[in-house]
Amino acid sequence: MARLTLREAITEALREEMRRDENVFIMGEEVGAWGGTYAVTKGFLEEFGENRVRDTPISEMAIAGAATGAAMAGTRPIAEFMTINFAFVAFDAIVNHAAKVSYMFNGQFDCPIVFRAPGGGGKQLGATHSHTPDVIFAHFPGLKVVCPATPYDAKGLLKSAIRDNGPVLFIEPVALYTSPKVRDEVPEEEFTVPLGVSDVKREGSDVTIITYGEGLHVSLDAAKALAKEGIEAEIIDLRSLQPLDMGPVIESFKKTFKAVVVEFGHQTYGIGAEIAARLQDEAFDYIDAPIKRVAQYDVPAPYSGELERAALPNADRVIAAVKEIL
Amino acid sequence: MDKETLLDWYHQMVLIRRFEERSDELYQLEGKIKGFLHLYIGQEAVAVGTIAARKKGDHIITAYRDHGHALAVGIPASQVMAELMGKATGAVGGRGGSMHLASKERTFWGGYGIVGAHISLGTGMALAEKYKGTDNVCLCYFGDGATNIGYFHESLNMAAVWDLPIVFICENNKYGMGTSIEKASAAHKMIDKAKAYKIPGKQVDGMDIFAVYEATEKAIDACRKGKGPQFLEMMTYRYEGHSIGDRTRYRPEGELDKWRDEKDPIATLQNHLLQEHKVKEADLVAIDKKVIKEVDEAVEFSDDSPLPALDTLFDHIYPSNAEAN
């Protein structure tokens, strides 16, 4: 066992999969000589060479589109967006092509791509570089959308994503990359974490908190504080937004009768809305209180640090939401 | 070029034309085809002449005007027609329709409806071949209108930077939907756009199948020798509207007649066969009749075919992971 940061876990998964399967290669802006703008692929060019670690022009449409074509034609590309904000430029290639070729051509074509995209705000990068647009991508059938919150999950989910025969958007919360708090034991022996399976990260009986990514750590902090007051929160980490595994959510809700959804994307039309709708559909008789949402306020991210933080979820907001319904 | 090959080309071109004429009727008169329908009439020499120059393993990818390419790669007319009619026996099981014909075994990756997007997919297919170290190439088709979208420029640049084995084939039929090149493109010659990316380009008479074949053979050869992407601008003309319901009011009077009367690709090949190869007129008539029968049978097959079963609605959203390693 080694104690890894989230970023180190991602790097390990990439390196191990590239060593395991010569059809796997990486393409993206600054992934080679620079070593990745977040240093995820540092040393890869030296180990795997230019054919397998491809610096691309600043051409997101072509990066995503060419990765799609290369995947259909028998390789397993990992296409990196420098940040998920730049994936907007490639939206058509991702949701209208990579996510469609299996269905539209009647299952004739595989499309094994991982689109890696660092995402999230809180880094004072301004309105255009701070999005958490995960839910938008999860709207479309045909694209799997995954976002890990722990180093263990990051490594296991990324390996599964690389081995999947279809397109997967793998969202990496930048705020967690090197966070010492997130550092965790990761086994050195081979393991994977299946896509589309939610996970109970903390057990409790008073309220169910449904979250993923950065939201997990805010929720864990909140749960710790609540426990001091005798309130035990159960925390479900969705891990995959598409396909969405509601099993553990429903199971927990039937025990607690109360739920708070915590997400770093904007509240309107967010994951919270989807989870609330499904809970009232599938567990209506168990609803004891309004299902609360803690999300990024509906405002473009401002630059100034304190102002930006004021728009994002935090433990205090989660605690307040829980107390409102207890 | 031997006579048998030329007769085969003639057969393919006549098949495409009759197939398209029949599709038009099935759409407009019989209501059996719905949605979009983009006819290839007038441009037959491009699909047939270019695809004749490819070898097994070379990739074909094109835009939404794809019936000609689908027939030229050898998808049976019955399967193409069944797809237009949304039947389970269609080339893609009724899931894609007119714009999305494809055949994996023929490395024909489709028909794509979003202008320019598939140029990046084709670039990726060439990348996959270069990555694997094969000598396969990709033939990537698009219209003149697609040269104005970002995908085109990003893909040409990427293909040139990486020396990818791809032949960009611009089917210049003078109009992007109803807007002429002069109104839509600052550069009036599409090869000038390729030149900006240092990609060798050539304008070719796209109504002359011999010119088309010869230019494609040379371009493919250059790709196989590692000389990077090539660009062919096929000067051609679409006789029908952009899609069903387009009355082509944007065309100057007499323009269509001039192309059809003076440049028709089928008539050109016909004349060549009669004069240079001393083919008897009766032999060509026999091919024409055979094609009519082939198209009739394709319609009959499609009429008799079942619709896709409703319980297959959710099949293939994701590729199967049965063989994932």
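Mentor: What follows starts with the interface and then turns to some local features of each chain. Keep in mind that this is a predicted model.

On the interface, 53 residues of chain A are in contact with 44 residues of chain B. Between chain A and chain B an area of about 4,100 Å² is buried, and carbon and sulfur atoms give 62% of that area. As for polar links across the interface, 19 residue pairs are found in polar contact. The side of chain A that touches chain B takes two or more residues from each of strand E2 (24-28), strand E3 (53-55), helix H3 (60-72), helix H4 (91-98) and helix H5 (101-104) of chain A. H3(A) gives the most to that side, with ten residues. By type, the residues on this side of chain A comprise 21 nonpolar, 19 polar and 13 charged. Even with charged residues on that side, the count of salt bridges between chain A and chain B is zero.

Apart from its neighbours within four places in sequence, Arg202(A) is in contact with Leu220(A), Ala223(A), Ala227(A), Glu232(A), Ala233(A), Glu234(A) and Ile235(A). Lys254(A) lies 52 residues from Arg202(A) along the chain, and their C-alpha atoms are separated by 16 Å.

Further along chain A there are two backbone features to look at. Most residues other than glycine have a negative phi, and most peptide bonds are trans. Arg239(A), which is not a glycine, has a positive phi of about 60 degrees. Arg239(A) sits in the loop between strand E11 (233-237) and E12 of chain A. The peptide bond from Gln242(A) to Pro243(A) is cis, with omega near -5 degrees. Pro243(A) is placed in the loop between strand E12 (240-242) and helix H9 (247-256) of chain A.

In chain B, look at strand E7 (residues 201-205) and strand E8 (residues 230-235), which pair in the parallel sense over five bridges. Within this pairing, Val204(B) stands opposite Met234(B) in E8(B). Together with helix H9 (residues 209-224) of chain B, E7(B) and E8(B) make a right-handed β-α-β unit.

Methods
Residues are numbered from 1 along each chain as its sequence is written. Chains are lettered from A and ligands numbered from 1 in the order in which they are written. This is a predicted model: local features need pLDDT of at least 70, side-chain atom pairs count only at pLDDT 80 or more; totals for chains, interfaces and linings use all residues. Side-chain values use heavy atoms; hydrogens and water are left out. Contact means heavy atoms within 4.5 Å. Buried area is the accessible area (1.4 Å probe) that two parts lose on being put together, summed over both. A salt bridge is a side-chain nitrogen of Lys or Arg within 4 Å of a carboxyl oxygen of Asp or Glu. A polar contact is a pair of N or O atoms within 3.5 Å; within protein, one must be able to donate a hydrogen and the other to accept it, and residues adjacent in sequence count only if both atoms are side-chain atoms. Helices (H or I, at least four residues) and strands (E, at least two) are DSSP runs, numbered from the N terminus. Ala, Val, Leu, Ile, Met, Phe, Trp, Tyr, Cys and Pro count as nonpolar, Asp, Glu, Lys and Arg as charged, and the others, Gly among them, as polar. Two strands pair if DSSP finds at least two bridges between them. A crossover is right-handed if, with the strands pointing away from the viewer, the path from the first strand over the helix to the second runs clockwise.
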